Amino acid sequence: MRRTLVGFVLVTVLTGCVSPLDRLDQRVAKLIGQQQQITLGPDATDDPQPVPARLFAPKPQRDMYRYDPDTTNPTPDQLPATTNPDPGADLAESKADSPAAAAIVMDLEQALGYAIAHSRDYRNRKEDLFLAALDLLVERHLWGPLFFHDVTAEFSGMPEAGDHDQVLTLINELRVTQRLPYGGDLSVSALVAYVSVLQNATGLSPEQSQSSSLALSIRQPLMRGFGKVAREVLIRTERELVYAVRDFERFRRQLLVDIAADYYGLLAQQARIENLKTNVANFELLARRFDALAKAGRAPYFQAESFQQQVLFARNDLFTAERQYDSSLDAFKIRLGMPTRQPLIIAPSEVIVPEPSLDSVAAVVTAFELRLDLQTTADQVDDARR
């Protein structure tokens with residue numbers, strides 16, 4: 001008996017250490033993982049965290065029933081800012097504080113992993129999947145046994161002196177309801193009524209009485225609302241979770257493909273910049289050579305001036321390519337969910353992908369059979385028919 005009591009206390013304490021929201025997140029994560037394995041297979045997704053992680057640490061618990069919640073309103077001198085008469089000094093200081101050694105070196109695999117952990121689009125789609133699973137949990141709860149406990153107290157009598165009765169009535173009702181699969185519901189209720197006559201007109205001693213009753217009721221429609229239509233909301237929420245899993249998986253695949261395309265696009269721009277740097281060096285070498293030949297009288301001056309002009313054109317092309325690379329790199333950071341001020345170095349990585357031999361007809365037929373969005377559209381047609 002003592003071991004049973006100790007075990008019960010330990011379970012109660014451990015259960016109390018987990019907040020209701022954390023327990024709900026665990027249930028939703030389990031439901032999403034099960035649905036992904038059923039819909040997509042055990043190896044379809046490798047996301048270790050189905051439930052979106054919190055962006056910020058939870059704040060300490062506050063009294064939500066206070067009439068005067070605290071307001072933080074600092075004065076200007078308490079803000080973390082100082083006046084700088086030279087705005088260009090901040091820019092030079094920020095560049096000096098972010099050397100190349102502090103930059104993140106990232107290859108394709110690391111970029112994909114960073115996007116799954118920090119991408120805003122990925123997080124938003126994951127939250128949509130979370131909401132779909134949450135709706136299903138609510139609907140499943142409504143289709144389970146529901147418990148109700150009502151306590152009613154009533155005091156009746158006249159406060160004036162005279163012939164009157166003073167009666168105290170307590171009614172305790174415990175009720176359990178369960179929805180039936182083809183409409184209607186089943187209800188079982190236990191009612192206990194306690195009546196005490198505190199004072200009566202005859203002047204006799206107070207009287208007490210207690211009664212209890214057990215009731216069983218079944219409500220079953222025979223025409224309207226009968227049949228599978230009674231489970232329409234449950235069927236729809238179950239299927240909506242399947243659609244959400246498909247949409248999330250399709251978005252995940254497309255996101256990874258887009259990140260890979262941007263990654264190789266950045267590598268191509270890096271190669272182009274290196275080629276332009278080589279062109280600038282070659283044109284500068286030729287410009288110096290023909291300038292020396294022109295000064296020695298061995299070549300006309302227009303050739304030296306032509307090569308100097310080519311140097312300017314090559315430098316302009318290099319400058320334009322570097323600015324385009326910076327813009328593309330910032331867009332890549334935003335797609336990954338990385339701050340744009342974070343230095344990032346794109347490192348080349350070798351990915352060996354065998355080139356598939358595709359038949360155009362077979363590819364179209366396969367797309368009609370395997371594309372997740374087409375499967376969802378076909379199932380939504382069945383929803384409309386239903």
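Which residue forms a salt bridge with Asp382, and how far apart are the closest N and O atoms?

Reply: The partner is Arg385, with the closest N and O atoms 3.9 Å apart. A salt bridge here is a side-chain nitrogen of Lys or Arg within 4 Å of a carboxyl oxygen of Asp or Glu. Some background comes next. This is a predicted model, where local features need pLDDT of at least 70, side-chain atom pairs count only at pLDDT 80 or more, and totals for chains, interfaces and linings use all residues. Residues are numbered from 1 along each chain as its sequence is written, and side-chain values use heavy atoms, leaving out hydrogens and water.

Back to the pair. Arg385 and Asp382 are 3 residues apart in helix H9, so about one helical turn separates them. Helices are DSSP runs (H or I, at least four residues), numbered from the N terminus. Arg385 is exposed, at 69% relative accessible area. Asp382 is partly exposed, at 35%. The cut-offs are under 20% for buried and over 50% for exposed, with partly exposed in between (1.4 Å probe, protein chains only).

Asp379 also sits in helix H9, which covers residues 372-385. Its side chain makes a polar contact with the side chain of Arg246, at 2.6 Å. Such a contact is a pair of N or O atoms within 3.5 Å; within protein, one must be able to donate a hydrogen and the other to accept it, and residues adjacent in sequence count only if both atoms are side-chain atoms. Leaving aside residues up to four places away in sequence, Asp379 touches Arg239, Tyr243 and Arg246. Touching means heavy atoms within 4.5 Å.

Arg239 comes up again. A network of salt bridges links Arg239 with Glu232, Asp383 and Arg386.

Now Asp373. Asp373 pairs with Arg371 in a salt bridge, with 2.5 Å between the closest N and O atoms. Asp373 is partly exposed, with a relative accessible area of 21%. Arg371 is partly exposed too, at 35%.

Why can such pairs form? Side chains of opposite charge can pair when their charged atoms come close.

The count of salt bridges comes to 18. Among them is one between Glu238 and Arg140, 3.0 Å from N to O. This pair joins distant parts of the chain: Glu238 lies in helix H6 and Arg140 in helix H5, 98 residues apart. Glu238 is partly exposed, at 25% relative accessible area. Arg140 is partly exposed as well, at 38%.

Methods: Helix = DSSP H or I, 4+ residues; strand = E, 2+ residues; numbered from the N terminus.
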